[in-house]
Amino acid sequence: MTTGATVWLTGLPSAGKTTIARELADRLREEGRRVELLDGDEIREFLSAGLGFGRADRDTNVQRIGFVAELLARNGVTALVPVIAPYADSRDAVR
């Protein structure tokens, strides 16, 4: 089985996180890797619908994304995660 991984791309809104993740996904797929892009906007719409942008909701959102990314990685998929994750302790918790 191929080893999976999670690659977080964090930064300010409109900084190019998703653009970079899409390009990386294309290149990894060309190499035969299994890749999923967990776009922050799509996650907010589907997996984290109803969450706001306060600290607690942002932490919950990051935890949910981390959980899905870990499942994918454990099953040999490279999970690319371009999200706004402003709190270091949230990122550390899912690391």
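**Figure 1. The end of the chain.** Arg 95 lies in the segment that follows helix 4 (88–94). Helices here are DSSP runs of H or I with at least four residues, strands are runs of E with at least two, and both are numbered from the N terminus. Arg 95 is exposed, with a relative accessible area of 73%. Buried means under 20% relative accessible area, exposed means over 50%, and partly exposed is in between (1.4 Å probe, protein chains only). Gln 63 is 32 residues from Arg 95 in sequence. In space, the C-alpha atoms of Arg 95 and Gln 63 are 10.0 Å apart. The model is predicted: local features need pLDDT of at least 70, side-chain atom pairs count only at pLDDT 80 or more, and totals for chains, interfaces and linings use all residues. Residues are numbered from 1 along each chain as its sequence is written, and side-chain values use heavy atoms, with hydrogens and water left out.

**Figure 2. The whole chain.** Four helices and three strands make up the secondary structure of the chain. Along the sequence, their order is β-α-β-α-α-β-α. The C-alpha trace spans about 40 × 25 × 25 Å along its principal axes. Of the 95 residues, 35% are buried. The accessible surface comes to about 5900 Å². Carbon and sulfur atoms account for 51% of that surface. These areas come from the Shrake-Rupley method with a 1.4 Å probe; for residues, only the protein chains shown count as cover. Among contacts in the chain with a separation of 6 or more, 69% join residues 24 or more positions apart. A contact means heavy atoms within 4.5 Å.

Figure 3. Strand 3 covers residues 78–83. Six of its six residues are buried, so strand 3 is largely enclosed by the rest of the structure. Both of its faces are covered. On one side, Thr 78, Leu 80 and Pro 82 are buried. Strand 1 pairs with strand 3 in the parallel sense, over six bridges. Two strands pair if DSSP finds at least two bridges between them. Thr 10 has Val 83 of strand 3 as its bridge partner. Strand 2 (residues 35–37) also pairs with strand 3 in the parallel sense, over three bridges. Here Val 35 stands opposite Thr 78 in strand 3.

Figure 4. Ser 14 sits in the loop between strand 1 (5–10) and helix 1 (17–30). Its phi is positive, about 60 degrees, although Ser 14 is not a glycine. Ser 14 is exposed, with a relative accessible area of 80%. Ala 15 is found in this loop between strand 1 and helix 1. Ala 15 counts as exposed, at 53% relative accessibility. Arg 44 is 29 residues from Ala 15 in sequence, and their C-alpha atoms are 18 Å apart.

**Figure 5. A charge over a ring.** The charged end of Arg 44 sits over the ring of Phe 53. The distance to the centre of that ring is 4.1 Å. A charge sits over a ring if NZ of Lys or CZ of Arg is within 6 Å of the ring centre and within 35 degrees of the ring normal.

Figure 6. Ala 56 has its place in helix 3. Ala 56 is exposed, with a relative accessible area of 54%. Ser 90 is 34 residues from Ala 56 in sequence. Between the C-alpha atoms of Ala 56 and Ser 90 the distance is 9.9 Å. Asn 75 lies in the loop between helix 3 (55–74) and strand 3. Asn 75 is partly exposed, with a relative accessible area of 39%. The C-alpha atoms of Asn 75 and Leu 37 are separated by 15 Å. Along the chain, these two residues are 38 residues apart.
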